[in-house]
Every structure is written in C-alpha cells, then in structure tokens.
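Keep the viewer open as you read.

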Amino acid sequence: MSERPAARELAPGGLMSTLDDVSAALDQSLRGRDGLVLEEVGVTTRVGQGIARVRGLPNVRSEELVRFSNVRGSARGSALMGLTFTLSEDEVGVILLGEGEGLSAGAEVRRTGRVIDVPVGEQLLGRVVNALGEPLDGRGPVRTWTRRPIEREVPPITDRAPVTVPLQTGLKAIDALIPIGLGQRELIVGDRQTGKTAVAIDTVINQRHTNVVCVYCAIGRRSDSTARVIADLRKHGALDYTVVVVASGEDAPGLQYIAPYAATTMAEFFMERGGDALVIYDDLSQHAKAYREVSLLLRRPPGREAYPGDIFFIHSRLLERATHLLPALGGGSMTSLPIVETEAQNISAYIPTNLISITDGQVYLNPELFQRGILPPIDIGESVSRVGGKTQLPAYRAVAGDLRLQYTQFEELEQFARFGTRLDDDTKTKLTRGRRVREALQQPQYEPIPVEEQIAVLLAASQGVFDEIGPEEVERAAGRVRRAMVERLPELCEQIRAGEPLSDEDLEEIETTARQAVFLELADDGADEAAGGGSDGDN
C-alpha cells in the first residue's frame with residue numbers, strides 16, 4: 001500500500017500570514033473591477049401622499065437626495081427621487097420629488113451622497129422647466145455647463161451694498177408712490193383675482209429694454225393659468241429674457257416646496273456674474289400650504305393654523321438671498337417680488353404678516369377698488385416701500401413728492417363726502433383734483449409706460465391740468481400729454497432717462513406742454529361740436 005503524504009506543518013504565525021495574503025489578494029481583485037462601489041441601501045416601509053418612510057440608511061444626512069428603485073410604471077432609465085426631511089433613530093422621512101403612485105412598501109432606496117441641484121446659465125433663458133430643471137416646453141433637454149444646489153448660504157451683511165438703483169415697473173402708481181429698487185424685496189399682496197400676477201407680469205414686460213433677467217416661478221397654480229402667463233410673455237417678447245419654473249397644483253407637494261429655491265438659484269447665477277435679476281414667486285401662500293402638507297404627513301408638530309414651527313424660517317432663508325452686492329463682488333443684484341394671497345382682505349393673517357415682516361414693503365391690491373373698475377387696484381394708503389425715495393430717479397422726487405400725501409387725504413375726504421355733508425370750496429377742489437389724479441394713475445394691463453411719459457402725466461395731474469375736464473376724459477387727455485412730451489421735448493426725455501434732476505424751468509416747460517396738449521384737445525372737441533351743430537341747423 002502506498003503511504004499517504006504527510007500533512008504540512010505550519011510554522012508559528014503561518015495561519016495569520018496566509019489569511020493576510022488572501023485578504024490582500026481579494027482587495028486587489030476588487031480594486032481592479034470597474035463599476036464596483038459601496039452603496040448604502042434601505043427599504044421603504046410606508047408610502048403616503050407625497051411622502052415615504054424608509055429604514056436601513058443609518059448614515060443618511062438631512063436634505064440629501066435618495067433614489068427609489070423598483071417603482072412600477074416608471075420609464076426605463078428613470079428613477080423616483082426623494083429628499084430626506086426627518087431623521088430619527090430607526091426611520092427616515094422622505095419627501096417624494098415626483099408622483100409616487102408606483103411606489104410601494106418594500107421598494108429599495110439608495111443614498112446619492114448629494115443635495116438637490118439644478119442647471120444654471122444663459123441656456124435657460126426662454127425655457128420652461130420644472131423644479132428639478134427638467135424641460136417642460138418640448139424643446140429638448142437643457143444643456144448647461146453648470147449645476148448649483150438649490151439651498152445656498154445667504155450673502156453676509158458685509159457683502160451687501162445699499163439699494164440705490166430703481167427697478168422700473170412701468171406702472172405709474174408703483175414707480176411714483178411705492179418705488180422699488182434693484183436688490184429689494186417687495187411683497188405683492190391681495191385677495192384672489194385682484195391682479196397680483198398682472199402687476200408682476202407687467203414688471204417683467206417693462207424690462208425688455210433693460211439688462212434685467214427675469215425668473216418667474218409658478219407654485220401651486222393651475223396649469224391653464226400658467227399657460228396663459230407663458231403665452232402673454234411670449235406675445236410681448238418677454239420670454240426671451242425670462243426663465244419660467246413651474247410646479248403646478250397637480251404636481252407633488254415636494255416639487256412645489258423646492259420650486260422657489262430652484263428659481264432663486266437660477267437667478268443668483270446672473271447676480272453673481274455682475275448682472276441684475278428679478279425673481280417672482282407666484283405665490284408663496286401655496287408654497288406654505290405644500291410645506292404644511294408634507295410636514296403634517298411626516299408627523300411634524302403643528303403650530304398656528306397647523307403650519308409647522310419653522311414656516312417663518314423657510315421663507316426668510318429664501319427671501320434673504322435677494323440683495324445688491326458690493327462692486328468688489330461684481331455689483332450684481334437680485335430683486336424679489338413674492339406674491340401672497342389673502343382671504344377677505346385679512347392682511348393680518350399668519351403667512352401674510354410673516355412675509356410683510358421679512359420683506360422691504362408691500363403693494364396691496366384692494367378688491368373693492370377692483371370691483372369699482374380702478375385698475376391696477378393698488379391701495380396707496382396700505383402700500384409702502386421701506387427703501388423709499390432713495391431708489392427713485394430725481395425727476396420723480398420733484399413731481400411725486402407730495403402726490404402720495406395728497407392722494408391719501410383725497411381718499412379720506414371722499415369717504416367723508418359720502419355722508420352728504422356741505423363742503424367748502426377748498427374741499428371741493430381737493431376732491432375734484434383727487435378724482436382726476438386717481439384716473440391718471442390707472443392704466444391698462446400689458447402697457448407699461450416709460451419714465452418720461454409717467455413724469456409728464458403725473459405733473460399734469462398734480463398741477464391741476466386735468467381739473468377742467470371730466471374724470472372719464474382723463475385717460476384720453478393723458479395720452480395726448482404723453483405724445484406731446486415725446487414729440488416736443490425729446491431733450492428733457494433724455495435728461496429724465498439719464499437720471500438728471502429737473503429744474504423749475506424744466507417743470508414749467510413740461511406743465512406748459514401738457515396744458516397745450518389738453519387745451520388743444522378741448523378746442524378740437526369744441527370745433528367738432530360746433531361743426532356738428534351747424535350741420536344740423538342747415539338740415
């Protein structure tokens with residue numbers, strides 16, 4: 001019989017050496033295989049309306065993007081994304097950034113190790129995108145070179161410059177009485193269907209001859225309403241310098257929540273390059289409701305009106321990003337026009353008062369003025385700009401200095417006169433002029449007025465040029481004054497646009513031109529009536 005080979009004896013420590021060799025060989029083999037990465041995979045335990053709860057992600061961070069797999073009905077190569085919102089010892093609450101109808105318990109969820117970012121750049125101008133920067137206009141993908149996170153640090157106080165340059169809205173009532181500057185935050189507040197969006201869109205249209213880039217963010221609005229806004233921007237040539245970010249009411253509440261932050265990041269790109277940007281949030285009351293919805297579903301403790309306790313913070317950290325940077329940092333600016341809806345003129349409700357305390361002023365649209373046909377229905381007494389006349393052109397200060405006080409006094413006198421009290425001549429004069437000033441401040445939608453023409457009309461109204469005509473004739477007379485200003489005083493028009501102050505002689509010349517235009521119209525009307533009367537007599 002053959003002898004069996006003797007077993008090899010291991011030297012002391014030989015076993016450990018062999019294990020180390022095997023481990024080293026395994027590590028080397030794994031490093032040599034491409035595409036092999038270490039992933040942290042969890043599992044979905046519960047799915048709700050716009051939210052999910054997951055387990056098995058012990059190292060996940062707050063506001064980190066996670067990716068859900070095995071979602072029924074999702075397109076091949078696409079994945080449902082989520083935003084980690086609440087972290088606890090054994091479970092993570094996630095806000096879904098898309099429709100979660102195909103998501104069910106047991107689906108795998110993976111960490112991405114990054115936060116939400118969106119594309120930024122000039123390639124976005126003229127495009128309609130969702131809150132993730134994905135195109136919605138059917139014009140192909142958005143190809144940009146840069147992506148930036150939607151949550152960014154607020155510029156410190158030392159990086160901010162004073163707000164001194166005006167942002168012209170083209171609306172006489174705002175530019176003259178409630179001036180807005182580049183880098184300011186001005187709230188537009190009012191009941192539904194009072195023209196809040198119209199004021200914002202007119203402001204965008206008025207930037208077509210400037211270098212201001214606009215970002216319009218629709219939050220929680222109906223799709224047909226947003227489509228009309230986009231059509232209006234395209235019709236008036238404003239879409240070419242505008243980015244439209246849409247999170248409609250049909251979208252997931254998570255997309256509505258992140259939409260204004262994404263729009264702000266897109267606008268910041270132009271500010272940090274030294275340009276001027278205008279971002280409109282339409283509207284933040286819907287944004288607050290979306291945040292309340294996901295917070296309650298994720299069992300965050302409710303506060304006043306069931307809003308979570310940090311509702312003030314989510315808006316303050318958004319609006320504080322609007323600023324005017326120092327020249328050493330490029331001198332760019334980002335102006336914010338947030339819109340908020342009130343109910344039954346309750347301007348002291350929770351969300352409106354929060355935003356009023358955050359912003360630098362508000363433009364209040366009164367539904368009673370709207371019902372009386374006064375458009376835009378801006379309540380001068382309730383509206384304010386805390387930056388004040390520092391941003392106004394010098395010509396406005398010369399013309400509209402006392403106009404706000406006079407108009408406020410007129411509104412009080414008008415209410416008093418409704419009781420049928422006997423009025424003295426001075427009061428009657430104030431009422432007559434006040435009614436014509438109110439008519440002069442009105443203007444149709446989509447027709448922003450240049451600065452020099454505004455100055456002419458406001459000066460004519462404040463100096464009583466329209467006192468001798470009926471209130472119903474003021475609009476026509478104002479048109480004659482605007483044309484006369486452009487045709488007869490081109491040098492003064494250029495002086496006003498250049499920001500130079502007007503002397504007393506300049507003001508007198510403008511007033512004389514306005515009176516000639518109005519009285520010429522009266523003379524023409526008188527001649528027409530005389531001709532008509534003579535013709536009737538001959539017949």
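Phe269 is buried, at 10% relative accessible area, where buried means under 20%, exposed means over 50% and partly exposed is in between (1.4 Å probe, protein chains only). Phe270 is buried too, with a relative accessible area of 6%. This is a predicted model, so local features need pLDDT of at least 70 and side-chain atom pairs count only at pLDDT 80 or more, while totals for chains, interfaces and linings use all residues. Residues are numbered from 1 along each chain as its sequence is written, and side-chain values use heavy atoms, with hydrogens and water left out.

## Aromatic pairs

How many aromatic pairs does a search of the whole structure find? It turns up 7. Rings of Phe, Tyr and Trp (its six-membered ring) pair if their centres lie within 6.5 Å; planes under 30 degrees apart count as stacked, over 60 as edge-to-face and the rest as tilted. Phe269 and Phe270 make an edge-to-face pair, with 5.3 Å from centre to centre and 85 degrees between the planes. The Tyr307 and Tyr350 rings have centres 5.9 Å apart and planes at 55 degrees, so that pair is tilted.

Helices here are DSSP runs (H or I, at least four residues), numbered from the N terminus. Tyr307 counts as buried at 5% relative accessibility, and so does Tyr350 at 15%. Elsewhere, ring pairs join Phe85, Tyr257, Tyr261 and Tyr291 into a cluster.

## Charges over rings

Tyr307 has Arg292 over its face, 4.3 Å from the ring centre. Likewise, Arg300 places its charged end over the ring of Phe85, 3.9 Å from the centre. A charge sits over a ring if NZ of Lys or CZ of Arg is within 6 Å of the ring centre and within 35 degrees of the ring normal.

## Val451 and its contacts

Val451 lies in helix α13 and counts as buried, at 13% relative accessibility. Which residues does Val451 contact, leaving aside its neighbours within four places in sequence? They are Gln168, Leu393, Tyr396 and Ile496, where contact means heavy atoms within 4.5 Å. Gln168 is 283 residues from Val451 along the chain, yet their C-alpha atoms are separated by 7.8 Å.

Key. Helix = DSSP H or I, 4+ residues; strand = E, 2+ residues; numbered from the N terminus.
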